[in-house]
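Below are some notes for a colleague who is opening this structure for the first time.

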Amino acid sequence: SVSGAEGSVTYSINDPDNKFAINSTTGEVTLANALDYETKTAHTFTVTANDGANTESQTFTLQVNNVTLSFSANLANASQQETISTGSTILSSSASNAEGTVTYSLTDADNKFAIDSSTGQVTLANALDYETKTSHTFTVTATDGTTTSSQTFTLNINDVDLNEAIDTLIACIEQAHA
């Protein structure tokens with residue numbers, strides 16, 4: 001803002017980094033081009049006010065804060081029955097503060113899971129078997145091209161006694177026919 005002007009004031013900006021724009025009538029400075037901490041951590045520009053008779057300038061420096069990718073994911077359930085269907089959702093992911101498009105990847109030594117690289121959703125790709133292994137550990141990694149963040153998860157497997165289930169089914173059938 002200007003006080004004591006002798007005429008109508010116009011504003012201009014000297015911005016060597018071409019990051020800002022100025023409203024020549026109000027003097028409001030706005031962001032014209034994206035900031036990138038990895039390219040430059042501060043930008044200096046000069047605003048000049050001119051009322052036709054007098055000129056005043058003031059230099060400003062804008063510090064750029066580094067924004068890092070924030071990644072979170074949640075298991076649908078920490079434990080699943082060994083009879084869960086393939087294709088079932090195991091984990092949902094989300095990311096914020098990305099500096100670009102986020103892509104997701106999966107590290108799964110047991111080859112039990114699949115991941116959608118654009119959403120981070122993990123699904124069951126191959127059947128579980130409690131008698132073979134009681135839990136499976138996998139890692140989901142999110143990257144935005146600049147920052148990478150990973151989280152490791154363990155899915156516990158619950159045993160389903162198939163003999164007991166068959167005996168219960170037979171007993172129900174016999175009872176229905178009695």
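1. A salt bridge here is a side-chain nitrogen of Lys or Arg within 4 Å of a carboxyl oxygen of Asp or Glu. The model is a predicted one, and a search of the whole structure finds two such bridges.

2. One of them joins Asp17 to Lys40, with 3.0 Å between the closest N and O atoms. The pair links distant parts of the chain, 23 residues apart: Asp17 sits in the loop between β1 (10-14) and β2 (20-22), and Lys40 in the loop between β3 (29-31) and β4 (42-50). Asp17 has 22% relative accessibility and so counts as partly exposed; Lys40, at 35%, is also partly exposed.

3. Lys133 and Asp110 form a salt bridge, their closest N and O atoms being 2.9 Å apart. Because Lys133 is in the loop between β11 and β12 and Asp110 in the loop between β9 and β10, the pair ties together parts 23 residues apart in sequence. Lys133 is partly exposed at 35% relative accessibility, as is Asp110 at 26%.

4. Asp129, Glu131, Asp159, Asp161 and Asp167 form a negative surface patch. Glu131 is placed in the loop between β11 (122-124) and β12 (135-143). Its relative accessibility of 55% makes Glu131 exposed.

5. Most residues other than glycine have a negative phi. Asn97, in the loop between β8 (89-96) and β9 (103-107), has a positive phi near 60°. Asn97 is partly exposed, at 44% relative accessibility.

6. Asn111 also has a positive phi, about 55°, although it is not a glycine. Asn111 lies in the loop between β9 and β10 (113-115) and is exposed, with a relative accessible area of 51%.

Notes:
Residues are numbered from 1 along each chain as its sequence is written. This is a predicted model: local features need pLDDT of at least 70, side-chain atom pairs count only at pLDDT 80 or more; totals for chains, interfaces and linings use all residues. Side-chain values use heavy atoms; hydrogens and water are left out. Patches are made of residues with over 30% relative accessible area and no salt bridge: like charges are joined within 9 Å, nonpolar side chains (Val, Leu, Ile, Met, Phe, Trp, Tyr) within 5 Å. Accessible areas come from the Shrake-Rupley method with a 1.4 Å probe; for residues, only the protein chains shown count as cover. Lys and Arg count as positive and Asp and Glu as negative; His and the chain ends are not counted. The place of a charge is taken as NZ of Lys, CZ of Arg, CG of Asp or CD of Glu. Helices (H or I, at least four residues) and strands (E, at least two) are DSSP runs, numbered from the N terminus. Buried means under 20% relative accessible area, exposed over 50%, partly exposed in between (1.4 Å probe, protein chains only).
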